[in-house]
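Hello,

Here is the structure you asked to look through. Please open it first, then read my notes below.

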Amino acid sequence: MTTQLICKLEDIIPEGGVCALIEGKQVAIFRTKDDQLFALDNYDPFSKANVLSRGLIGGTFLEDTAEDGSTIKREVIYIASPIYKQRFDLATGQCLDDDGIKLNSHTIILKDNDVLICLKDSLAA
Amino acid sequence: MSKADMSNTNSTNKPNLVVVGNGMVGHHFVEKAIELGLNDTYDIHVFAEEDRPAYDRVYLSSYFEHKDASKLNLVDIEHYDTTAIKLHLNQRIVDINSKNHSITIEGGESVTYEKLVLATGSYPFVPPIEGRDHSHCHVYRTIADLEKILETAQKSNVKKGVVVGGGLLGLEAAKALVTLGLDTYVVEFAPQLMGVQLDPAGGEILKKKIEALGVTVLTGKNTKEIVHNRCISMNHDIHQTAEQPGIHLEKDTFLTMKFTDDTELDTDLILFSAGIRPQDGIMKNNPECGVTLGGRGGILINDFCQTNNEDIYAIGECAVWDNKVFGLVAPGYTMASICAAQIAGDTEKTFTGADMSTKLKLMGVDVGSIGDAHAKTEGSLSYVYQNPNEGIYKKLVTSSDNKKLLGAVMVGDTEDYNNLLQLFLNDIDLPAHPESLILPNVEKPAMGVENLPDTATICSCFNVTKGAICGAVEDGAYSLAEVKSCTKAGTGCGGCAPMVKDVLGYQLTELGFEVNNDLCEHFAYSRQELYSLVRVQGIRTFDQLLTEHGSGHGCEICKPAVASILSSCWNDYVLKTDLAPLQETNDYYLGNIQKDGTYSVVPRVAGGEITADKLIVLGQVAKDFNLYTKITGGQRVDLFGARLEQLPDIWERLVEAGFETGHAYGKSLRTVKSCVGENWCRYGVADSVGLALTLENRYKGVRSPHKIKMGVSGCTRECAEAQSKDFGIIATENGWNLYVAGNGGMVPRHGELFATDLDTETLIKYIDRITMFYIKTADKLQRTSKWRESLEGGLEYLQQVIIDDSLGIAQELEDQMQLLVDNYVCEWKETITDKEKLKRFRHFVNSELGDDNVVFVTEREQIRPATEDEKQVLETVG
Ligand code: SRM
Ligand SMILES: Cc1cc2nc3c(=O)[nH]c(=O)nc-3n(C[C@H](O)[C@H](O)[C@H](O)COP(=O)(O)OP(=O)(O)OC[C@H]3O[C@@H](n4cnc5c(N)ncnc54)[C@H](O)[C@@H]3O)c2cc1C
Ligand code: SF4
Ligand code: FES
């Protein structure tokens, strides 16, 4: 697995985002207040602009139905686009306002104070 | 599908269901057929004479405003495709052979059917007047017709237009001609307008109102001939007209209409709107086809929408039921549903006629007609209210025992229409004095939705009852949008939307919902309550507020709202580390984000007063950074197209030249608009610019629930439009008059006079107090106008709190405002001196490059964002 150094943790303010240029592609990287890191495509398919890193982070509880029919509540942390406010699950890239839209998500590693991204084939290609 | 593909029409083993006509009703039939799964049993073929799929004819006239035919489209082609509906455009059916079960397409090919649905609509009737074949004579039915009208009307020498026919459609067409800038006439054969829907007195009031709008109405005129003139003012057209027969006159109009009373009317364009006729040409031209027509034309159908031939149906405006043709879309839709159900084997549903009541706004005049408008029912009683001064006419027609409503006419005021229609449709008993239903200033007997039976039709376009809407709400459709999408109510002509909303509200209360004022799922408090918590407990961060009074993570709704509350209370620099991530991108980057991700730059130009030197700086900066410049509606200059990474450099230049941020991004004071005032203006009685500067500099940067705008006019002529602002100040001989809670925007509201003849000191005191009181008590994103309307006790209450200090908080409000004023900093000045803060103004955290998806093209000598199509082209070229 190849990784690439993006920045230092303190370059991203808690509950904020930055955009990184990775092999010619724009990736938005987010840091939550409890220092979890997430990465999604920076391109917002609704406004067709590279702006997601400048959105607001939020959380909401969604209900999932388990196989036995019981419901489980789970908190989804998302980014809301700064242009028309559609929300995307930070962990999966799934758009919460349109089932048909899902962004690529990428794996981020925090090593000491370095923020690293794992290069997938899709990104490397 | 092209003609060559026609071999496919009999390709599967399924029998064919053929629909002739893809108009509004034909399309509705297809939708119903899909809903009932008929596309599984049949191959559905739709033949359309027009070159485009079904569109909304009801809104046809809007084409003249947007000129975009796609806005009228009704057909989701993908849906047709995925459900295997085969739509054959541009293919007219010319013959039916009911013995062989086949139809013939123009050109000769034939297609067999098992079931045939005729939905051919109707065509405009053009009276057989000599000369009606001129290229400037038009009809009003299809998009193609409108394109032709537009072409004629846009010729520079076409100035006058006449509509022949003063019915519903004729008046709509007249409006279109007015919109196109023509001097417009309506010529009606009958002695009154809208003879079908209105009685003579109603028609007379309507005529007066329409004439007041500059349209000349000629009633009782019968056209006998249209003369094609040799037109002297239009050289290039002489040629064309000269070759046609019947040219007599040399005139400066194209046409002259001659009437049977020997009068004449010159015009350049004629629009025939003299009624419609059912489109039954296929049968008329082929009497052997086996389908029976009505005595006056039209395809005869029974209650199942079937013709005399059990496999052939007719629906919509081409059909005649019980001697009647229905020229409205709602009855056609009903027929379409019944016909689809019949073919699917459900024979329960039958057509039982339709209500032809109408309400519309004709050229800005409200007109309504219900049931028996002409009081033709034997023994019926009529009640009339007439107000010639305001041009209002209302009539009620009741049964002889005064118990039931049989009909109504309304001109100039249709406020009572929905109530009356429900009384009529549901056969509800009338109150003791039926006239109270139409008299002004009389307490109207309540006819709220709660009194309607569940069977009451709320949306007649889609035949949706109150019960159906309530059911949808019970099943979880809690918003108007959801109700519309699952019941379709309100998505046709739109006339029923207010009722739909009432039913929704009614049912929500029935279900025990309370209007929920929680900020969002993270805070079970209103904005006002949170404000008090923050202020009283001295809370300074979002996290503290969330931990102590909220739950969960926070979101894009509560974060900016709390940030605004924190700023309103303490006026800390908005980009302090713990406040920064709460801000919307606009506040975070101190600029307004644009559609392409660039930002705008709006320096403050207080009161709109600016020196030549500063103007030059603005121009120079715009030039150096290649920004689009525009004078805004707020008396200042907006520079657009700044990339994130350019913002600090741009602002460094501006701050150096003495500019400050204009807070165009903030929920805070925007501008104080001023007129030039007494220094220059011969009427001015005070220095309006001076006061505007004082106010703008005092309140700049103060964060509030929504933006605040002010205006100061130097005299009562009001050139600063101050009464449309949150705070409007107008100079008088004796001081300042203060208006509050005006609003432009989506729901305009005039400001209300709050206090008169104030000196400047008192004026500022009052504005301090009102603003702070607004900040404390308003809901999130509530402008002062909405806030003022929500205040119980109204303006008087506000005056008591502010002027009489009835709550004893006046001093506190002033002190809190003073704190905000004292803590003001220009956010951009602060930012450009802070190396740490500047770091965020980069597009990439790991590269100095910019966003390559931001691309501009030049238009009118300035940049604008490239469209997606333009970007593609630029890419291929580059
Ligand atoms: C630039 C300007 C239009 C122009 O070219 O003239 C403008 C542009 C915007 N207006 Fe406006 N409004 C502008 C004058 C107005 C006016 C006229 C006025 O102020 O005299 C009005 C009506 C008056 C009023 O507010 O009562 C106006 C009523 C709105 C509204 C509706 C507010 C309402 O209460 O209904 C919005 C939407 C909102 O705020 O939620 C809005 C929102 C916007 C936004 C911020 C939309 C957005 O979120 O992107 C626009 C972006 C500005 C930018 O990128 O710089 N703008 N807008 C004007 C800037 C004035 C200024 O110098 O600050
Ligand atoms: C300007 C205007 C405003 C209106 N406003 C209102 C309103 O406010 N409220 C209201 O209820 N109604 C209104 N109407 C009336 C409404 O548009 C009609 O009632 C409705 O369109 C009827 O639908 P239909 O499918 O029966 O006919 P149409 O919509 O006319 O469709 C018939 C289609 O069949 C096609 N066709 C005909 N013959 C053949 C053939 N032989 N082969 C193949 N195709 C054929 C035609 O080209 C046409 O496309 C308005 C109409 C107009 C013109
Ligand atoms: S009117 Fe609409 S489009 Fe024009 S500036 Fe205001 S918000 Fe933008
Ligand atoms: S009545 Fe026309 S949309 Fe409901």
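How many salt bridges does the rule find across the interface of chain B and chain A? There are four. Keep in mind that this is a predicted model.

One salt bridge to look up joins the side chains of Asp543(B) and Lys33(A). The N to O distance there is 3.8 Å. Polar contacts also cross the interface of chain B and chain A: the rule finds 20 residue pairs, both residues at pLDDT 80 or more.

H16(B) gives the largest share, three residues. By class, this side of chain B has 15 nonpolar, twelve polar and twelve charged residues.

Next, the extent of the contact. Chain B puts in 39 residues and chain A puts in 37 residues. Between them, the two chains bury about 2800 Å². Carbon and sulfur atoms account for 52% of that area. In chain B, the residues that lose the most area to chain A are His553(B), Glu556(B) and Val845(B). Together they make up 24% of what that side buries.

Now a helix pair inside chain B. Helix H22 (residues 760-777) and helix H25 (residues 810-822) of chain B have axes that come within 8 Å. These axes cross at roughly 90°, so H22(B) is roughly perpendicular to H25(B). On H22(B), the contact residues include Lys765(B), Asp768(B) and Phe773(B). On H25(B), they include Glu812(B), Leu813(B) and Met817(B). By class, the contact of H22(B) with H25(B) has six nonpolar, two polar and six charged residues.

Best wishes

Notes
Residues numbered from 1 in each chain as written. Chains lettered and ligands numbered in written order. Predicted model: local features only at pLDDT ≥ 70, side-chain atom pairs only at ≥ 80, totals over all residues. Heavy atoms only, no water. Axes fitted to C-alpha atoms, helices over the stretch in contact; angles between N-to-C directions. Helix = DSSP H or I, 4+ residues; strand = E, 2+ residues; numbered from the N terminus. Parallel < 35°, antiparallel > 145°, perpendicular 65-115°, else oblique. Contact = heavy atoms within 4.5 Å. Nonpolar A, V, L, I, M, F, W, Y, C, P; charged D, E, K, R; others polar. Buried area = accessible area lost by both parts, 1.4 Å probe. Polar contact = N/O pair within 3.5 Å; in protein donor to acceptor, adjacent residues only side chain to side chain.
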